[in-house]
Amino acid sequence: MELTDYDIWSSLPFPVLVVDERDAVERMNPAAESVLNTSARQLAGHNVADFLFLDGEAREGLRRARSGSLAVSMNDVRIRAGERAPISASVQIAHIHASPGKMILCMQSREMAKRMNPGSRINSVANSAVGMAAMLTHEIKNPLAGISGAAQLLSMSLDREKREMTDLIFAETRRILSLLENVEQFGDYGLPNAEAMNIHDALEKARKLALMGFAAGVTIRCDFDPSLPHARADGDQLLQVFLNLLKNAVDSAGPEAIILIRTYFDNQLSVSGGDGVRMPLPIQVEIVDNGPGLPSDIADHVFEPFVSGKENGTGLGLALVSKIMSDHGGWISVDSKPGRMAVRLSLPAAD
């Protein structure tokens with residue numbers, strides 16, 4: 001089979017953009033869409049330097065490449081796409097001789113590789129957590145039970161003031177046991193039993209369960225796309241995902257929380273499967289809250305185990321959500337700023 005220009009272009013494992021004579025984006029490959037979390041259609045016509053917030057050195061490199069005939073290579077260029085934290089990358093800029101005035105930009109870095117395939121990185125960390133949990137459960141649960149029991153027996157012979165210390169020992173051992181049990185949840189979720197399902201049924205069930213429990217008194221609004229096709233997913237696992245995200249939104253925004261659940265169709269987003277074939281993810285679910293957003297130091301690591309922006313948080317809720325989404329072949333992203341945090345889930349449609 002003869003390779004076409006599109007075959008080569010779409011298969012490149014690093015972000016590539018083509019800009020016209022005005023430095024406006026004309027084309028971008030799927031790897032660039034993945035890293036920048038946007039589609040080629042949405043970015044088309046935008047000045048590449050403005051959209052990527054290139055630093056002064058990169059802008060100068062772009063100017064030098066355009067004024068000369070040789071390619072320009074730069075290392076450690078700071079690039080910031082949209083509201084995301086800046087990343088450091090190597091950038092190569094060259095003329096496309098078959099199309100005068102047009103230039104090609106290639107970007108490569110370890111951080112970009114992580115953004116292109118976050119699921120494998122997160123699952124690797126999550127699987128390590130599962131293995132660690134099995135060992136810790138066996139080695140630590142029994143000694144902790146002994147410490148807890150001894151503290152309770154000791155408290156019976158102490159006065160009120162001294163019992164505060166034994167109560168503290170008992171409470172802390174229970175907290176460690178709870179943490180181990182939460183980590184064990186990773187091992188409880190096998191591969192999803194994916195089938196065609198109405199995503200709105202699971203969202204409505206999650207909304208009702210939340211309002212009857214942890215979200216009592218909170219405003220939860222829905223903006224559903226009635227024309228949305230069925231998703232291919234495991235309904236029970238997605239229900240857990242939605243409940244976890246709603247719980248996070250309530251914890252973040254507090255009793256005055258206003259939460260929006262939104263669904264829509266977007267056929268521009270796709271991810272690369274293990275066989276190199278692009279899998280479209282047109283089913284979009286957003287859960288938006290009016291809380292303070294994520295601390296800037298954890299924004300890029302929020303889906304990793306034990307990373308949490310909450311006091312005394314285990315950092316396992318979003319890691320579990322990310323694992324389930326990755327097992328579905330889906331995509332999860334977060335857009336956070338003061339006063340608004342949106343978690344976006346992208347899922348495949350049913351055949």
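**Group meeting: a walk through the predicted model**

Let's begin with V48, which lies in helix α4 (residues 48-52). V48 is buried, because its relative accessible area is 1%. Buried means under 20% relative accessible area, exposed means over 50%, and partly exposed is in between, with a 1.4 Å probe and protein chains only.

A quick word on ground rules. This is a predicted model, where local features need pLDDT of at least 70, side-chain atom pairs count only at pLDDT 80 or more, and totals for chains, interfaces and linings use all residues. Residues are numbered from 1 along each chain as its sequence is written, and side-chain values use heavy atoms, with hydrogens and water left out.

L17 in turn stands opposite M28 in β2. Strand β1 (residues 16-19) and strand β2 (residues 25-28) run antiparallel, joined by 3 bridges; two strands count as paired if DSSP finds at least two bridges between them. They form a hairpin with 5 residues between them.

Most residues other than glycine have a negative phi. D23 also counts as buried, because its relative accessible area is 18%.

Strand β3 (residues 72-79) pairs with strand β4 (residues 87-95) in the antiparallel sense over 6 bridges, and R78 has S88 in β4 as its bridge partner. Strand β4 is also joined to strand β5 (residues 103-108), again antiparallel, by 6 bridges. There H95 stands opposite M103 in β5.

Now for the inside of the protein. A nonpolar core is a set of buried Ala, Val, Leu, Ile, Met, Phe, Trp, Tyr and Cys residues joined through side-chain atoms within 4.5 Å. The largest one has 39 residues, and those with the most contacts inside it are I199, L238, F242, L245, I259 and L345. Elements that each supply at least two residues include α9 (199-212), α10 (235-253) and β14 (340-347). Helix α10 gives the most, with 10 residues. Take L245: leaving aside neighbours within four places in sequence, it is in contact (heavy atoms within 4.5 Å) with I287, L318, V321, V343 and L345. Apart from that core lies another, of 23 residues, and our opening residue V48 is among them, along with L36, M103 and L105.

One side-chain detail: R262 lies over the face of Y264, at 4.1 Å from the ring centre. For that label, NZ of Lys or CZ of Arg must be within 6 Å of the ring centre and within 35 degrees of the ring normal.

How far should we trust all this? The mean pLDDT, the predictor's confidence in each residue from 0 to 100, is 77, and 72% of residues reach 70 or more. Confidence is highest in strand β9 (residues 258-265), at a mean of 95, and lowest in helix α6 (residues 110-116), at 53. Over residues 116-122 the pLDDT is below 50, yet beyond near neighbours in sequence this stretch has 13 contacts in the model. Where pLDDT is low, the predicted coordinates should not be read in detail.

To finish, the overall tally: the protein has 11 helices and 14 strands, and buried residues make up 42% of its 351 residues. Thanks, everyone!

Terms used. Helix = DSSP H or I, 4+ residues; strand = E, 2+ residues; numbered from the N terminus.
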